[in-house]
Amino acid sequence: MKKSVVNRFKKMFESQKHNLLFNDRILREDFVVNSEDRLDELDQASTDAEQSMRMRLRNREILYLKKVDEALERIEEGTFGLCENCEEDIEARRLEVRPTATLCIACKEDEERQEVLTAVGRQHKSLGETFSRRWT
Ligand SMILES: [Zn+2]
């Protein structure tokens with residue numbers, strides 16, 4: 001993979017990481033404000049629902065942050081853009097859509113065929129796909 005292309009991905013990952021960390025701070029400030037407010041029961045209920053939604057979103061962000069960190073590590077190691085399974089280059093088109101991809105299309109398709117064998121695997125996959133798309 002060309003150095004200029006790798007650098008472009010590196011910049012993108014670093015800014016995504018920054019955004020995720022920045023969001024974290026905003027959310028924490030919100031939590032502090034909420035706990036200091038005196039709320040009636042109705043407000044409390046909606047605040048709880050909102051917080052649990054935020055926590056779910058947050059968990060997804062933490063997962064994505066981990067993927068971004070791993071991608072940055074691969075950039076440092078010089079293995080970014082290489083398939084973890086067959087060590088061939090991952091298709092550029094695939095990386096555009098899924099920058100944190102660690103498998104080439106052929107290996108990913110093999111993996112997905114395995115996942116289809118279990119309902120649990122399929123569920124995890126669809127959650128991951130939905131989330132990844134938010135960032136592309
Ligand atoms: Zn492969």
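## Lys66 and its partner

Lys66 is exposed, with a relative accessible area of 52%. In this predicted model, Lys66 forms a salt bridge with Glu70. Their closest N and O atoms are 3.5 Å apart. Glu70 is partly exposed, at 34% relative accessibility. Both residues sit in helix 2, four residues apart, so about one helical turn separates them.

## Other salt bridges

The whole structure holds eight salt bridges. One of them joins Glu76 and Lys10, with the closest N and O atoms 3.4 Å apart. This pair links distant parts of the chain: Glu76 lies in helix 2 and Lys10 in helix 1 (residues 3–36), 66 residues apart. Glu76 is exposed at 60% relative accessibility. Lys10 is partly exposed at 25%.

Glu111 forms a salt bridge with Lys108. Here the closest N and O atoms are 2.9 Å apart. The two residues are three apart in helix 4, about one helical turn. Lys108 is buried, with a relative accessible area of 15%, whereas Glu111 is partly exposed at 31%.

## The zinc site

Four cysteines coordinate the zinc ion through their SG atoms: Cys83, Cys86, Cys104 and Cys107, at 2.3 Å. The site is tetrahedral, with angles of 105 to 116° among the four donor atoms. In sequence, the donors follow the spacing C-x2-C-x17-C-x2-C.

Cys86 and Cys104 link distant parts of the chain, 18 residues apart. Cys86 lies in the loop between helix 2 (41–77) and helix 3 (92–97). Cys104 lies in the loop between helix 3 and helix 4 (105–115). Cys86 is partly exposed at 34% relative accessibility, while Cys104 is buried at 6%.

Note on methods: Residues are numbered from 1 along each chain as its sequence is written. This is a predicted model: local features need pLDDT of at least 70, side-chain atom pairs count only at pLDDT 80 or more; totals for chains, interfaces and linings use all residues. Side-chain values use heavy atoms; hydrogens and water are left out. Donors are N, O and S atoms within 2.8 Å of the metal (3.2 Å for Na, K and Ca); water is not among the atoms, so sites may look incomplete. Four donors count as tetrahedral if all angles lie between 85 and 135 degrees; four count as square planar and six as octahedral if opposite donors are over 155 degrees apart and all others between 65 and 115; anything else is irregular. Buried means under 20% relative accessible area, exposed over 50%, partly exposed in between (1.4 Å probe, protein chains only). A salt bridge is a side-chain nitrogen of Lys or Arg within 4 Å of a carboxyl oxygen of Asp or Glu.
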